[in-house]
Every structure is written in structure tokens, then in C-alpha cells.
Amino acid sequence: MVSQITRGIKISVSTSFEGTYFKNYKIHFAFSYEITIENHSKDSVQLTSRHWEIHDSLNNIEIVDGEGIIGKKPVLKPGEFHTYSSGCLLSSPYGAMKGHFNMINFTSTKTFKVLIPTFKLCAPFALN
């Protein structure tokens, strides 16, 4: 698990390899990840959007931007947390993801970025 705190918002990430499968005559490596967002600040905040950079060991980079997370825009009061699971496909058994969440502080009405720490994606059979 990796964690990082930005402006009082803690992001923790754990990952899992889900398996391989063929699609369009190409092998894909499936990974899941669970993210916990904890509000350690004194203000209520809301996650509004996300930005991801998904890298694999073949130098493929996929950029993903979107509203909320899995169809939600959670509001977190001080001391609250939100956990969700999602996944990605890679063309190789190694990779990494990083990014940020865009959030709004309800007290100041200002938007800010919360960094998502870089986390590795690795199929266990590929480990030496």
C-alpha cells in the first residue's frame, strides 16, 4: 500500500493482479486497485474530477480524465473517508499509475488538486 497527504487529504492505494485474457488477438493483464480518500483537514471537501496517467513497461501511456469517481462525487466532512475500487488493463505485466483528484473546499470555495501517489502494477508471475 502507498499513501500520500496533500492539503490534509490522505490518499491510500492497494493493488491486485486479476489475471490475463485475450481480446482482439492480444493478451491483456488486468489489475484492480482500491483507493481510500481520508479527510484530515478541518474543512468539508468534495471530489469533482480525476486525472490518471497509466504507464506500462512497453512505454504505452494512457491519459484518463473524467468527472468524479465511478459515477460519484463524494463529499467528505472532516474525519470522514471514502473507499472505492476500480481497475485497468495493461499490455504488459508491469506498469504504474499516478494522477490527481480535483476537489473543492466548501469553506473557501476554492478548488485544489490532491495528488495520487504513483503505485505499481505487477503480475506476480513476472517477478524474479
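Trainee: How do the residues lining the largest pocket divide into nonpolar, polar and charged?

Mentor: Remember first that this is a predicted model, where local features need pLDDT of at least 70, side-chain atom pairs count only at pLDDT 80 or more, and totals for chains, interfaces and linings use all residues. Residues are numbered from 1 along each chain as its sequence is written, and side-chain values use heavy atoms, with hydrogens and water left out. For the classes, Ala, Val, Leu, Ile, Met, Phe, Trp, Tyr, Cys and Pro are nonpolar, Asp, Glu, Lys and Arg are charged, and the others, Gly among them, are polar. Sorted that way, the lining comes to 10 nonpolar, 2 polar and 2 charged.

Trainee: What counts as a pocket here, and what volume does the largest pocket have?

Mentor: On a 1 Å grid over the protein atoms alone, a cavity is a set of points where a 1.4 Å probe fits but cannot get out, while a pocket is an open set with protein on both sides within 12 Å along at least five of seven lines; lining residues have an atom within 4 Å of a point. Points are joined across faces, edges and corners, and the volume is the space filled by probe spheres set on them. For the largest pocket that gives about 160 Å³.

Trainee: Which strand gives the largest share of that lining?

Mentor: The lining has 14 residues, and Tyr 33, Arg 50, Trp 52, Ser 86 and Gly 87 lie nearest the pocket's centre. Strands here are DSSP runs of E, at least two residues, and helices are runs of H or I, at least four, numbered from the N terminus. Strands S4 (45–56), S5 (61–67) and S7 (81–90) each supply at least two lining residues. The largest share, 5 residues, comes from S7.

Trainee: How many helices and strands does the chain have?

Mentor: Read along the sequence, the pattern is β-β-β-β-β-β-β-β-β. The C-alpha trace spans about 50 × 25 × 20 Å along its principal axes. The count is 0 helices and 9 strands.

Trainee: Is Cys 88 buried or exposed, and how about Cys 122?

Mentor: Buried means under 20% relative accessible area, exposed over 50%, and partly exposed in between (1.4 Å probe, protein chains only). Cys 88 has 11%, so it counts as buried. Cys 122 has 27%, which makes it partly exposed.

Trainee: Which aromatic pair ties together parts that are 108 residues apart in sequence?

Mentor: Rings of Phe, Tyr and Trp (its six-membered ring) pair if their centres lie within 6.5 Å; planes under 30 degrees apart are stacked, over 60 edge-to-face, and the rest tilted. The count comes to 7 aromatic pairs. In one of them the ring centres are 5.7 Å apart and the planes at 70°, so Phe 17 and Phe 125 are edge-to-face. Phe 17 lies in strand S2 and Phe 125 in the segment after S9, so the pair asked for is Phe 17 and Phe 125.

Trainee: Where do Trp 52 and Phe 119 lie?

Mentor: Trp 52 and Phe 119 form an edge-to-face pair, 5.9 Å centre to centre with 90° between the planes. Trp 52 is buried at 3%, and Phe 119 is buried at 3% too. Their pair ties together parts 67 residues apart in sequence, because Trp 52 lies in strand S4 and Phe 119 in strand S9.

Trainee: Which residues does Gly 95 touch, not counting those up to four places away in sequence?

Mentor: Gly 95 is in strand S8 (residues 94–105), and it is buried at 14%. A contact means heavy atoms within 4.5 Å. On that basis Gly 95 touches His 55, Asp 56, Leu 90, Phe 119, Lys 120 and Leu 121.

Trainee: What is the phi of Tyr 25?

Mentor: Tyr 25 sits in the loop between strand S2 (9–23) and strand S3 (26–39), and it is exposed at 86%. Its phi is positive, in a residue other than glycine, and lies near 65°.
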